[in-house]
Amino acid sequence: MGRKSIPQKRLGKLEQKQYNNALAKIRSFQLFWRYKNKNETWHNNLLINHLLQSKANIKHSKIPTASFLGEKFRCEAFIEGGTFSILAIECKKVIDANVKAVWKEGLSQALLYSQKYKQVILVFYDFTTHGALKRAFSPGNKAETSFAKRIHEKFKIKIVV
C-alpha cells in the first residue's frame, strides 16, 4: 500500500513569482487623503483595477468562501492554484474611531483564509490622523515589525499598510 498523497501548502517557483508580483503591485498602490470619506469597497475596486494591470492572474469574482461558525467569509481577490489557491487578498479601511476593531477583524479573517490559501496579504488603508498603523509597522518599531514577521513565518500572512 502506497503513501497517501498530501497536497502541499508551500509556493512553487512559478507561484512564488505570481505572489511576489502581486505583493509588489499592492505595495505600489497609492492612497489619496482626499478620498478618505469613500467606503472600503470603493478603495477595494481601485486596488483590484490596479492589480488587474499587473501580470498576476488576480481574480475578483467567483471567490471561494471560507466557512466558520456557520458564517461564510470571502476575501476581496485571489489567485487560483491547485488544491490550495495561491493567494487571498483581504483589505480593511482604518480610521481613528475603529483602529482596534478593524485590526482584530482583519487579522481574524486573514487567519481564517490562511487555512484555505497558501498565502494571505492583509492590506490596511490607513486613514488615521497620524497614520497609526503606518507608523506602527514602519521599520523603527521592533515590537510590531517582529510580530508581523512571526505572523508571516507561522501563518503565511503578509501585512501591508
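Me: Is lysine 118 buried or exposed, and what is its relative accessible area?

Reply: This is a predicted model, in which local features need pLDDT of at least 70 and side-chain atom pairs count only at pLDDT 80 or more, while totals for chains, interfaces and linings use all residues. Residues are numbered from 1 along each chain as its sequence is written, and side-chain values use heavy atoms, with hydrogens and water left out. Buried means under 20% relative accessible area, exposed over 50%, and partly exposed in between (1.4 Å probe, protein chains only). Lysine 118 is therefore buried, at a relative accessible area of 9%.

Me: Which residue meets the side chain of lysine 118 in a salt bridge?

Reply: A salt bridge is a side-chain nitrogen of Lys or Arg within 4 Å of a carboxyl oxygen of Asp or Glu. For the side chain of lysine 118, the N to O distance is 3.0 Å, and the partner is glutamate 15.

Me: How many residues apart are glutamate 15 and lysine 118, and in which elements do they lie?

Reply: Helices (H or I, at least four residues) and strands (E, at least two) are DSSP runs, numbered from the N terminus. The salt bridge between glutamate 15 and lysine 118 links distant parts of the chain, from helix α1 (residues 13–27) to strand β6. Glutamate 15 belongs to α1 and lysine 118 to β6, and the separation is 103 residues.

Me: Why does glutamate 15 count as buried, and at what relative accessibility?

Reply: Glutamate 15 touches Arg10, Ile86 and Lys118, leaving aside neighbours within four places in sequence; contact means heavy atoms within 4.5 Å. Glutamate 15 counts as buried because its relative accessibility is 17%.

Me: Which residues join glutamate 90 in one network of salt bridges?

Reply: A search of the whole structure finds four salt bridges. One of them pairs glutamate 90 with lysine 92, with the closest N and O atoms 3.3 Å apart; glutamate 90 is buried at 1% relative accessibility, and lysine 92 is buried with a relative accessible area of 7%. Salt bridges that share partners put glutamate 90 in one network with Lys92 and Glu105.

Me: Are lysine 59 and glutamate 80 buried or partly exposed?

Reply: The side chains of lysine 59 and glutamate 80 form a salt bridge of 3.8 Å, N to O. This pair connects strand β1, which holds lysine 59, to the loop between β4 (77–79) and β5, which holds glutamate 80, 21 residues apart. Lysine 59 has 26% relative accessibility and counts as partly exposed; glutamate 80, at 44%, also counts as partly exposed.

Me: In what order do the five strands lie in the open sheet, and which are the edge strands?

Reply: Two strands pair if DSSP finds at least two bridges between them. The pairing in this open sheet is mixed, and the order is β1-β4-β5-β6-β7. Each edge strand pairs on one side only, and the two are β1 (58–59) and β7 (157–160).

Me: What angle does the direction of helix α3 make with that of β5?

Reply: Axes are lines fitted to C-alpha atoms, for helices over the stretch in contact, and angles run from 0 to 180 degrees between N-to-C directions. Helix α3 (residues 99–113) packs on the sheet and touches β5 (85–94), β6 and β7. Its direction relative to that of β5 is about 170°.

Me: Which residue in β7 is the bridge partner of isoleucine 121?

Reply: Strands β6 and β7 run parallel and are joined by four bridges. Helix α5 (residues 142–155) lies across both strands, at about 150° to β7. Within β7, the bridge partner of isoleucine 121 is lysine 158.

Me: Aspartate 126 is buried yet has no salt bridge; which side chain of opposite charge is nearest, and how far away?

Reply: Aspartate 126 lies in strand β6 (residues 117–126). Its side chain makes a polar contact of 2.6 Å with the side chain of threonine 128; such a contact is a pair of N or O atoms within 3.5 Å where, within protein, one must be able to donate a hydrogen and the other to accept it, and residues adjacent in sequence count only if both atoms are side-chain atoms. For charge, Lys and Arg count as positive and Asp and Glu as negative, with His and the chain ends not counted. The nearest side chain of opposite charge belongs to arginine 135, at 7.2 Å.
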